[in-house]
Amino acid sequence: MTESSTPRIKPLPREEWTDAAREVFAFWEGPSARENGSRSNTMMTLANHPKLALPSLDFGKYMLVESSLTVRQRELVVLRVAWRYDSHYQWAHHVHAARKIGLTDAEFGALQSEEVSEPFSREERALLRAIDQLCVRGRIDDPTWAILEETMDRHQLMDFLYSVGFFAMNAWVQGAIGIQLEPEFEQFSRPAQDMRPS
């Protein structure tokens, strides 16, 4: 199954821009977006339902900016979840972000493999296994959890679990609605091999 080639819920048309919708546009991009609309197809789509969008965006801001996970751990979570759920939109946006913090093409390729080994550390491999286990059955086995506990405190473990859930939800929503990837992110959509799990 592939993502829809046209959006099932379209970006909010200008004639329907309310003050609440403009709050959604401006959430990440500030006053200029309030006046001109967001550059993001996700934000323009979320603006169809500001009462839902704004709390979700607050939660997402916590996960992306304030979470106790390291920036690298956050990006590994988003990218592995994106691959697991075939979210080209989420994958492309976060390949772009992850390149800025030093993730390599070899790591992007490894994130698209069923069995993750090199070039990730033992702790990162456990993190990725835990993501896979959560995506498949909503549980983490004891040996994997034990490795996570070696280097993560309670706050980090809880942030990790909620991050997987949040980005899985985003992948489902973006794929089901058919949110279209912005042209400037196309170059990041398939950096290694085909995304889909075998």
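**Aromatic pairs and a buried glutamate**

Modeller: The structure holds 7 aromatic pairs; the model is a predicted one.

Colleague: Why is the pair of tryptophan 17 and phenylalanine 25 called edge-to-face?

Modeller: Ring centres within 6.5 Å make a pair, and planes over 60 degrees apart make it edge-to-face. The centres of tryptophan 17 and phenylalanine 25 lie 4.8 Å apart and their planes stand at 70 degrees, so the pair is edge-to-face. Both tryptophan 17 and phenylalanine 25 are buried.

Colleague: What makes tyrosine 85 and tryptophan 172 an edge-to-face pair?

Modeller: Their ring centres are 5.8 Å apart and their planes are at 80 degrees, so this pair is edge-to-face. The pair links distant parts of the chain, 87 residues apart: tyrosine 85 sits in the loop between helix H5 (71–84) and helix H6 (88–100), and tryptophan 172 in helix H10 (residues 154–177).

Colleague: Why is tyrosine 85 counted as partly exposed?

Modeller: Buried requires under 20% relative accessible area and exposed requires over 50%. Tyrosine 85 has 26% relative accessibility, and therefore counts as partly exposed.

Colleague: Which residues do ring pairs link into a cluster?

Modeller: The cluster consists of Phe59, Tyr162, Phe166 and Phe167.

Colleague: How do you know that glutamate 182 has no salt bridge?

Modeller: A salt bridge requires the charged atoms to be within 4 Å. For buried glutamate 182, the nearest side chain of opposite charge is that of arginine 39, 8.9 Å away.

Colleague: What does the side chain of glutamate 182 reach?

Modeller: From the segment after H10, the side chain of glutamate 182 reaches the backbone nitrogen of asparagine 41 at 2.7 Å.

Note on methods
Residues are numbered from 1 along each chain as its sequence is written. Side-chain values use heavy atoms; hydrogens and water are left out. Rings of Phe, Tyr and Trp (its six-membered ring) pair if their centres lie within 6.5 Å; planes under 30 degrees apart count as stacked, over 60 as edge-to-face and the rest as tilted. Buried means under 20% relative accessible area, exposed over 50%, partly exposed in between (1.4 Å probe, protein chains only). Helices (H or I, at least four residues) and strands (E, at least two) are DSSP runs, numbered from the N terminus. Lys and Arg count as positive and Asp and Glu as negative; His and the chain ends are not counted. A polar contact is a pair of N or O atoms within 3.5 Å; within protein, one must be able to donate a hydrogen and the other to accept it, and residues adjacent in sequence count only if both atoms are side-chain atoms.
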